[in-house]
Amino acid sequence: MKKIFYYTDVLPFLSRGEDAIDKLIINLEMFHEAADSIRLIWHPWSGTEKYMENNDFLLLDKYRGIVKAYREAGWGELDENDSFSAVVEVLHGCDCYYGDMSDLIYEAQNVGLPVMLQNVDAR
C-alpha cells in the first residue's frame with residue numbers, strides 16, 4: 001500500500017475561503033475512495049486553527065468538522081506533530097508529497113519523493 005503525505009497550509013484557507021474548503025473535501029473524498037490501495041497521512045500545518053481564529057475565519061467550524069470527521073473515520077492518519085523534525089520523519093516514511101507549498105517539499109525532493117502541488121482551482 002502506498003502512503004501519501006498530504007500537507008495543507010493555512011494561507012489557501014484564509015485567501016480562498018470556501019474554494020479551499022471545497023478542495024479539501026474533494027481531496028479527502030478522492031483519497032477515501034482509494035483507501036484500499038493508498039494510505040493518506042494528512043498533515044495540516046500545526047498553527048492552522050489558531051490562525052483561523054485570529055483572522056476570524058468564517059469557515060472555522062466547517063474546517064474543524066472536516067478534521068473531526070477525518071480523525072474519527074479511521075481510513076487515514078492525521079499527523080498532528082508540531083515539530084518540524086517529527087513531521088519530516090513522517091514524510092520520509094511516505095511514498096510521495098501532495099499539497100500546498102512548504103519547506104517540506106525540499107525535504108521530500110532531497111530523498112527522491114515525487115512532489116505534486118495542490119491547485120485549489122483544479123476540480
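Author: This is a predicted model. The buried residues of helix α5 pack against β1, β2, β4 and α6 (104-110).

Reader: Which residues of α5 are buried, and within what arc do they fall?

Author: Helix α5 spans residues 84-92, and its buried residues are V87, V88 and L91. An α-helix has 3.6 residues a turn, so residues three or four places apart point the same way. Exposed residues, S85 and E89, lie on the other side of α5. Seen down the axis of α5, the buried residues line one face of the helix, because they fall within an arc of 100°.

Reader: In what order do the strands of the sheet stand, and which of them stand at the edges?

Author: The sheet is open and has five strands, paired in parallel, in the order β3-β2-β1-β4-β5. A strand with a single partner has one side left without a neighbour in the sheet, so the edges are held by β3 (77-78) and β5 (115-117).

Reader: Which residue stands opposite L78 in β3, and what angle does helix α4 make with β2?

Author: Strand β2 (residues 38-44) runs parallel to β3 and is joined to β3 by two bridges. The residue opposite L78 is W42. Helix α4 (residues 60-73) packs on the sheet and touches both β2 and β3; the angle between the directions of α4 and β2 is about 145°.

Reader: Which residues touch the most other members of the largest nonpolar core?

Author: In soluble globular proteins, nonpolar side chains tend to be buried together. The largest nonpolar core here has 24 residues, and those touching the most other members are F13, L24, L28, L40, W42 and Y63. Two or more residues each come from β1 (2-8), α1 (10-16), α2 (18-33), β2, α4 and β4 (96-99). Leaving aside residues up to four places away in sequence, Y63 touches F13, I21, L24, W42, P44, T48, E49 and M52.

Reader: How many residues are in the second core?

Author: The second core is separate, and I41, L91, C94 and L113 are among its members. L91 is also one of the buried residues of α5. The size of this second core is 12 residues.

Reader: What is the phi of D56, and is D56 buried or exposed?

Author: D56 is in the loop between α3 (48-54) and α4. Most residues other than glycine have a negative phi. D56 is not a glycine, yet its phi is positive, about 50°. Because exposed means over 50% relative accessible area, D56 at 60% relative accessibility counts as exposed.

Conventions
Residues numbered from 1 in each chain as written. Predicted model: local features only at pLDDT ≥ 70, side-chain atom pairs only at ≥ 80, totals over all residues. Heavy atoms only, no water. Pairing = 2+ DSSP bridges. Helix = DSSP H or I, 4+ residues; strand = E, 2+ residues; numbered from the N terminus. Contact = heavy atoms within 4.5 Å. Axes fitted to C-alpha atoms, helices over the stretch in contact; angles between N-to-C directions. Core = buried A, V, L, I, M, F, W, Y, C linked by side-chain atoms within 4.5 Å. Buried < 20%, exposed > 50% of the residue type's maximum accessible area, 1.4 Å probe, protein only. Arc of directions from axis to C-beta.
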